[in-house]
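Please examine the chain shown below with attention to its backbone, its strand pairing and the confidence of its coordinates. The paragraphs that follow take these topics in turn.

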Amino acid sequence: MKTKYFTRLLSMVMAVTALTACVDDETSQATGDIQPIYIANVGSDTLRIGYLDHLQLTPTIQRGSHVGDVEGLQYRWQISTSPYDMGSAETEWTDLGNGTSLDVSMNSVISTSPYLVKLTVTDSINGNLQATKLYFVYVESNFRDGIVVSSTRDGQSSDFSLVMDKPITLNFSGSPKVFHNILMEGQGKSNAELMTQLTANVYGGSYTAAGAINQVWATTSTGSLYRYDTKSYAPTGTSQSGTDVLTYTGNHPKFSMTFQMESMFFAVSDKGIYSFNPGSANTFGWTNVNASKYTIDNNVIIGNGNYDLGNYHGYWFDARLGRIVNMEYDMGTMASYNDAMPAGVGAFDPAALQGWHAVAGGFTIDGATPAFLFKEPQGDYSVCTLSKPVQPTYDDDWNELTPEIRPMADRRIQLDSSTKALLDKAVSIFFARNEAILYIAVPEGLYAVNFAGQSAQLYSAAKFTPSAGERIVKAKLYTQGHQMIQVTGFPGTDRAVLPWNNKAVIIATEGAQNDGKLYVVPMVQFGTGNLNASSAATYAGFGHILDFCTTGY
């Protein structure tokens with residue numbers, strides 16, 4: 001229920017007193033013997049509170065000088081529906097409760113101006129005399145970098161959770177914080193679809209702090225695309241309606257994933273590949289004509305924003321052509337796409353892989369070597385690596401000193417039948433970033449394959465085994481959010497690197513009742529794929545986990 005009052009009246013109330021309000025006599029029975037109502041606050045009248053944190057207020061209330069005399073008093077807590085504006089003609093209110101104290105989750109829109117929280121006490125015994133108390137409440141963002149999780153409890157809709165903790169959040173102190181059901185708590189409703197793929201990005205320049213907006217993009221199981229501002233996870237657009245996400249909706253694309261590659265942000269659909277530069281744009285227009293000449297097999301992407309990789313920031317596999325494609329991007333030029341990488345001696349031909357399919361991909365071994373896991377036509381699997389590109393060097397007069405070395409086929413490591421048995425039932429497969437390790441997650445455990453030598457070695461014992469009654473549903477390498485977006489290259493843009501960056505894995509499990517858990521497990525004994533389960537950070541309270549990604553600021 002909402003009631004409107006003039007701001008001028010509120011200003012008068014504030015001017016009368018900070019501790020009590022005007023006393024209104026609404027009956028002819030009032031006499032001078034009636035004692036006024038006093039509302040005394042504990043602490044400041046001006047408060048700052050995090051979005052979705054609980055606002056708790058317990059003022060001291062009494063009739064006259066009689067401590068504990070509250071018989072017949074009635075209470076009404078209200079909040080202004082918008083931040084306080086001295087220039088506004090009226091203020092609209094929303095009811096919060098009718099108890100002597102207030103305990104409510106603050107889901108008001110984040111603002112630099114305060115909201116008014118008003119307590120009105122009515123004396124029903126003495127002619128409905130009233131006293132009013134005002135608080136000025138600033139609502140600030142509660143959400144920082146961490147791991148954002150999409151999960152479902154009913155198999156039809158989905159919601160966000162955010163995990164913040166010392167190992168995964170910069171400058172974090174205190175106990176871990178896990179915010180569940182963020183959309184329902186903040187917006188009053190969850191996403192009506194299943195958000196099955198999440199990607200974080202920054203709009204306004206991934207290397208420009210001022211005015212940048214941190215976002216999460218969610219692709220759903222039905223092909224919709226949603227965008228959320230991570231300040232409050234308020235939705236800021238969808239491909240289903242309007243033009244905030246997709247300028248031209250006439251061909252009704254169904255999206256399957258989004259990803260970041262160098263300074264470009266991409267969305268893959270059945271109508272082609274869309275892209276924009278988030279430094280200056282936040283909406284997809286027409287499809288990217290050059291990128292859309294290709295298809296992306298199984299949504300396997302090797303890519304990030306690491307400027308240390310020179311001009312070669314991304315790779316994918318086009319199964320229709322049987323070719324590996326790499327995106328080349330030089331500062332000041334348009335991105336170009338190359339599908340004619342040369343074959344390595346005795347390795348494989350990146351342009352003649354008909355019948356193959358990409359299963360996984362990533363930068364690995366030294367953090368800069370691209371590698372694919374392929375399933376070959378006969379059903380066997382191979383790890384195929386590309387050589388690390390080398391940038392040309394120049395003297396002070398821009399004379400080339402050493403030439404550029406472009407990526408080419410490097411090694412093909414075939415995997416044995418025992419590894420194939422795991423891969424055939426895997427729920428997730430990913431490469432370690434800085435060692436020659438391929439992780440394979442099956443429901444019963446997480447296994448590792450060492451491909452540093454001429455032949456691959458599968459470690460027979462699982463590196464992580466879920467607790468009794470749990471099964472693994474998804475696993476990924478933990479990469480700090482900011483490092484996913486941009487690593488180096490522009491002065492003043494680097495962020496402190498967390499100790500677990502690229503040195504831990506994230507494992508999602510669930511029990512019989514779809515009660516999801518998230519484990520972040522650090523790596524130990526470099527080069528072995530070993531994990532230190534005893535040092536794992538564990539978070540619970542999720543539904544069936546659909547996807548997760550790291551966010552960074």
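Ile365 is found in the loop between β25 and β26. In this predicted model, Ile365 has a positive phi of about 65°, although the residue is not a glycine. Most residues other than glycine have a negative phi.

The strands on either side of the loop of Ile365 belong to an open sheet of four strands, in the order β25-β26-β27-β30 and with antiparallel pairing. Its edge strands, each of which pairs on one side only, are β25 (357-364) and β30 (409-414). From one strand to the next, the twist averages 20°.

Within this sheet, strand β26 (residues 369-375) and strand β27 (residues 381-386) run antiparallel and are joined by five bridges. Lys375 stands opposite Tyr381 in β27.

Which residues does Thr369 touch, if those up to four places away in sequence are not counted? They are Gly362, Phe363, Thr364, Thr385, Leu386 and Lys388. Thr369 itself lies in strand β26. Its relative accessible area is 8%, and Thr369 is therefore buried. The side chain of Thr369 also makes a polar contact, at 2.9 Å, with the side chain of Asp366.

Attention now turns to the cysteines. How many disulfides does a search of the whole structure find? The search finds zero. In general terms, a disulfide is a covalent bond between the sulfur atoms of two cysteines. Cys384 is buried because its relative accessible area is 1%. Cys549 is likewise buried, with a relative accessible area of 10%.

Another loop, between β34 (457-458) and β35 (471-477), contains Ala462. Is this alanine, Ala462, buried or partly exposed? With a relative accessible area of 28%, Ala462 is partly exposed, because this class lies between 20% and 50%. Leaving aside residues up to four places away in sequence, Ala462 touches Gly445, Leu446 and Tyr447. Ala441 is 21 residues from Ala462 along the chain, and the C-alpha atoms of these two residues are separated by 9.3 Å.

The mean pLDDT of the chain is 87, and 88% of its residues reach 70 or more. Over residues 1-31, however, pLDDT stays under 50, and for this segment the model has 68 contacts beyond four places in sequence.

Definitions and conventions. Residues numbered from 1 in each chain as written. Predicted model: local features only at pLDDT ≥ 70, side-chain atom pairs only at ≥ 80, totals over all residues. Heavy atoms only, no water. Pairing = 2+ DSSP bridges. Helix = DSSP H or I, 4+ residues; strand = E, 2+ residues; numbered from the N terminus. Axes fitted to C-alpha atoms, helices over the stretch in contact; angles between N-to-C directions. Buried < 20%, exposed > 50% of the residue type's maximum accessible area, 1.4 Å probe, protein only. Contact = heavy atoms within 4.5 Å. Disulfide = S-S within 2.5 Å. pLDDT = per-residue confidence, 0-100. Polar contact = N/O pair within 3.5 Å; in protein donor to acceptor, adjacent residues only side chain to side chain.
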